[in-house]
Amino acid sequence: MDSTTHTFKDNIKVALANETLVHSLETMKTGFRARRAVAVDRLPEFDALCDAGRDLKNHVLENLDFYLETFEAKVLESGGKVHWCRDSEEARKTVLEICRAADAKTVTKGKSMISEEMGLNDYLEENGVTPVETDLGEYIIQLRHEHPSHIIAPAIHVRKFQVAEAFRKAHPQYAADRPLEEPRELLDEARDVLRSSFLGADVGITGANMLIAETGSTVIVTNEGNGDLTQLLPRVHVVLASLEKIVPTLEDASLVLRLLARSATGQEMSSYTTFSNGPRRPGDPDGPEEFHVILLDNGRSNMIGTDFQDMLRCIRCAACMNHCPVYGAIGGHAYGWVYPGPMGAVLTPGLLGLEGAADLPNASSLCGRCEAVCPMRIPLPKMLRHWREKEFERHLTPKGTRWGLGFWSFFARRPGLYRLGTRVVARMLRILGGKQGHLKELGLSNGWTAVRDIPAPEGRTFMDRWASGERP
Amino acid sequence: MTAARDAILGGIRRSLRRGPLSDAEAVAGPRARLDAKAPILVPERAKGSPDVLVDRFLAMAIEAAATVDRIQGMEALPGAIASYLKDRNLSTELVTTTDPEMDGLVGSSLEGGGLLTVKRGLPSPTDTVSVVPALRGVAETGTVMLRSGETQASTLNFLPETHIVVLKTSDIVGGLEEAWAALRAEGPTPRTVNFITGPSRTGDIEQTLQMGAHGPLRLHILLVDETP
């Protein structure tokens with residue numbers, strides 16, 4: 001997927017002016033957040049499970065090469081194939097080769113963020129293979145030629161009247177005046193249309209929530225059942241997964257499952273959790289005849305051993321964005337690439353490079369909610385600060401900001417001068433504030449004063465008042 | 001492809017500042033974890049006496065929007081299925097697995113009397129009702145565990161609108177870990193293992209919950225108490 005992270009600031013202005021989006025994001029706050037809180041409260045061991053999840057993933061990352069090799073051996077043993085791909089381009093080509101070998105015209109797809117990362121759909125289409133997204137949210141945005149704005153609710157920004165518009169345009173086989181006001185009507189139509197896609201596809205492509213080294217299993221967690229129809233019905237099943245999805249044993253997978261659905265949708269367990277092991281066995285009445293796993297690196301192996309290694313613990317539950325005040329105001333598209341919200345602001349510069357994505361780590365008040373709800377205990381605010389430091393070190397920070405920080409640090413290192421300066425400024429502002437006690441305008445602070453006044457200081461600085469013996 | 005494999009594994013090792021693990025290092029570290037298959041932290045709610053676990057399974061399954069009927073013995077199965085379908089005005093044509101435990105459905109007096117029509121094996125896209133025996137029920141979350149094999153087509157769990165799962169009360173376990181132990185005892189891992197918790201659903205249109213997205217609209221669990 002092409003990135004627009006470099007126009008992040010403009011993207012934000014567009015998002016804030018979009019009333020439909022603002023409405024959708026309000027629903028998210030009452031939905032996901034409230035349900036997660038209930039689910040977490042019901043499980044007294046939740047905190048201890050988070051600690052165990054963190055330790056598990058740390059252990060996996062320290063032994064990643066070993067577990068990946070073990071996984072590969074198990075997949076081969078069960079008759080499947082593993083394709084190691086360094087970057088998106090290698091992965092796209094590999095998937096296309098598999099499709100060509102299967103003489104595929106259409107492929108059905110379960111929801112996969114790795115597919116978005118690879119830009120797979122456009123590539124397949126350019127090469128004569130038609131991809132059909134089958135997750136309802138993904139299907140809706142595919143019809144609207146959009147990208148997901150949320151990693152587990154890709155169409156969270158779309159209102160139902162917009163879904164109806166997209167369906168009327170895309171499904172001319174139905175009566176033009178059919179009712180499409182209710183979510184049920186929309187769902188039934190999508191179910192009907194996609195049923196024939198499931199039955200007619202030559203290749204099914206899914207993501208993977210986990211890979212299991214012990215058994216060579218790939219795991220998908222869904223609520224719709226689309227992922228299962230995608231991987232069971234076509235002749236070929238392709239799994240797209242990134243390296244860090246691996247866990248050692250089925251017991252370890254159980255731990256992750258206990259954290260995933262609760263953190264994501266607030267469910268105790270998603271409707272369908274499916275473990276797939278290789279192709280159809282002799283005598284099996286159904287299942288794919290070929291089983292391929294694409295193992296995508298795309299910059300992850302370089303993140304190990306750096307300040308950003310902890311990000312590779314992420315299980316993509318989306319709790320961080322569901323609780324983020326910035327995501328809640330601007331939605332996912334503004335972030336400009338595949339992964340939005342706090343996890344995206346940390347991961348995107350790691351995978352794409354900081355140069356085009358330097359604004360992302362700055363779009364945070366560092367309020368810490370993301371870290372508080374992260375089931376893998378990823379220190380997201382700390383990593384956002386690391387990116388800011390790197391941005392400054394590499395001179396990517398805009399001149400004005402650098403100059404301002406330099407100016408501030410000059411005074412901060414000279415306490416006498418600093419106190420004198422603040423004393424003068426505080427008095428000046430008090431005079432400017434006049435009787436109202438606040439300022440309507442102030443040079444260099446237009447962003448603030450455009451929407452609210454600045455309260456004027458009362459006159460003396462904190463240090464002066466403390467020195468003169470004042471105590472609260 | 002080998003080049004990419006070597007580059008990725010090499011890159012991981014460079015980042016970890018070490019070479020491949022020696023046999024001794026592997027045995028002391030990750031190999032030990034693979035072999036131990038040790039449960040990590042099993043929540044209290046996955047524990048309890050068989051009666052407690054059955055009650056918990058029932059409560060959790062119903063919370064996940066499944067329906068549950070308790071029946072006495074497998075002999076009661078055809079009748080329970082027929083009345084479930086009839087009460088809801090659903091088709092009485094069903095497709096089931098070729099497992100011997102489902103043999104009782106074929107040639108039952110209900111089938112003989114034309115109240116049930118039973119097909120076995122693979123469902124066609126027009127079949128609307130499936131009946132599948134579960135390997136285990138997981139009390140912790142009200143989940144049923146099903147597996148593929150020569151006798152069980154996995155599409156039975158996803159294509160039909162009404163999914164009926166047959167679960168013996170004695171096959172209810174506390175947590176996922178016990179379900180895995182049961183699966184390992186059966187032999188090699190099957191091609192597909194499905195954990196199913198309630199019917200198919202989506203919240204993708206304005207976050208309003210709708211049942212029956214692509215998979216079954218209804219999940220009905222028949223809990224079979226063995227007759228002594």
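Colleague: In what sense do strand β2 (residues 93-96) of chain B and strand β3 (residues 117-120) of chain B pair, and over how many bridges?

Modeller: This is a predicted model, and in it β2 and β3 of chain B pair in the parallel sense over 4 bridges. To read a pairing, look for the residues that face each other. Leu94(B) stands opposite Val118(B) in β3(B). Thr96(B), in turn, is placed opposite Arg120(B) in β3(B).

Colleague: Which strand of chain B pairs with β2(B) over 2 bridges?

Modeller: That is strand β4 (residues 129-133) of chain B, and the sense is again parallel. In β4(B), Ser130(B) is the bridge partner of Val95(B).

Colleague: What is the order of the strands in the open sheet of 6 strands in chain B?

Modeller: Reading across, the order is β1-β12-β7-β4-β2-β3, with parallel pairing. The edges are β1 (67-72) and β3 of chain B, each of which pairs on one side only. From one strand to the next, the twist averages 25 degrees.

Colleague: Which helix packs on that sheet, and which strands does the helix touch?

Modeller: Helix α5 (residues 77-87) of chain B does, touching β1, β2, β4, β7 (162-168) and β12 (218-225) of chain B. The direction of α5(B) makes about 150 degrees with that of β1(B).

Colleague: Now the two chains together. How many residues of chain A are in contact with chain B?

Modeller: The size of an interface is often given as the accessible area lost when the parts come together. Here we have a count of residues instead: 78 residues of chain A are in contact with 65 residues of chain B. On the side of chain A, helix α10 (residues 183-200) gives the largest share, 7 residues. By class, that side has 32 nonpolar, 26 polar and 20 charged residues.

Colleague: Which strands of chain A and chain B are joined by 5 bridges?

Modeller: Strand β9 (residues 272-276) of chain A and strand β9 (residues 192-196) of chain B are joined in this way, and they run antiparallel. One of the facing pairs is Thr274(A) with Asn194(B). Both strands belong to an open sheet of 8 strands, in the order β8(A)-β5(A)-β6(A)-β9(A)-β9(B)-β6(B)-β5(B)-β8(B), with mixed pairing. The edge strands are β8 (246-247) of chain A and β8 (172-173) of chain B.

Colleague: How do strand β6 (residues 217-222) of chain A and β9(A) run, parallel or antiparallel?

Modeller: They run antiparallel, joined by 5 bridges. Val219(A) has Phe275(A) in β9(A) as its bridge partner.

Colleague: How should I read a pair of helices, and at what angle do helix α9 (residues 160-170) of chain A and α10(A) cross?

Modeller: Two packed helices are described by the angle between their axes and the distance between the axes. The axes of α9(A) and α10(A) come within 10 Å and cross at roughly 35 degrees. The crossing is left-handed. From α9(A), the contact is made by Lys160(A), Val163(A), Ala164(A) and Phe167(A), and from α10(A) by Pro183(A), Leu186(A) and Glu189(A). By class, this contact has 5 nonpolar, no polar and 2 charged residues.

Colleague: Into which domains is chain B divided?

Modeller: Chain B has domain 1 (1-36) and domain 2 (43-225). Their C-alpha centres lie 41 Å apart. Chain A is divided into domain 1 (5-299), domain 2 (302-399) and domain 3 (409-467). The C-alpha centres of domains 2 and 3 of chain A lie 32 Å apart.

Colleague: What are the ipTM and pTM scores of the model?

Modeller: The model scores ipTM 0.97 and pTM 0.93. For chain B, the mean pLDDT is 95, and 99% of its residues reach 70 or more.

How values were computed
Residues are numbered from 1 along each chain as its sequence is written. Chains are lettered from A and ligands numbered from 1 in the order in which they are written. This is a predicted model: local features need pLDDT of at least 70, side-chain atom pairs count only at pLDDT 80 or more; totals for chains, interfaces and linings use all residues. Two residues are in contact if their C-beta atoms, placed from the backbone, lie within 7 Å. Ala, Val, Leu, Ile, Met, Phe, Trp, Tyr, Cys and Pro count as nonpolar, Asp, Glu, Lys and Arg as charged, and the others, Gly among them, as polar. Two strands pair if DSSP finds at least two bridges between them. Domain bounds come from an automatic or database domain assignment. pLDDT is the predictor's confidence in each residue, from 0 to 100. Axes are lines fitted to C-alpha atoms, for helices over the stretch in contact, and angles run from 0 to 180 degrees between N-to-C directions. A crossing is left-handed if the near helix is turned anticlockwise from the far one by less than a right angle, and right-handed if clockwise.
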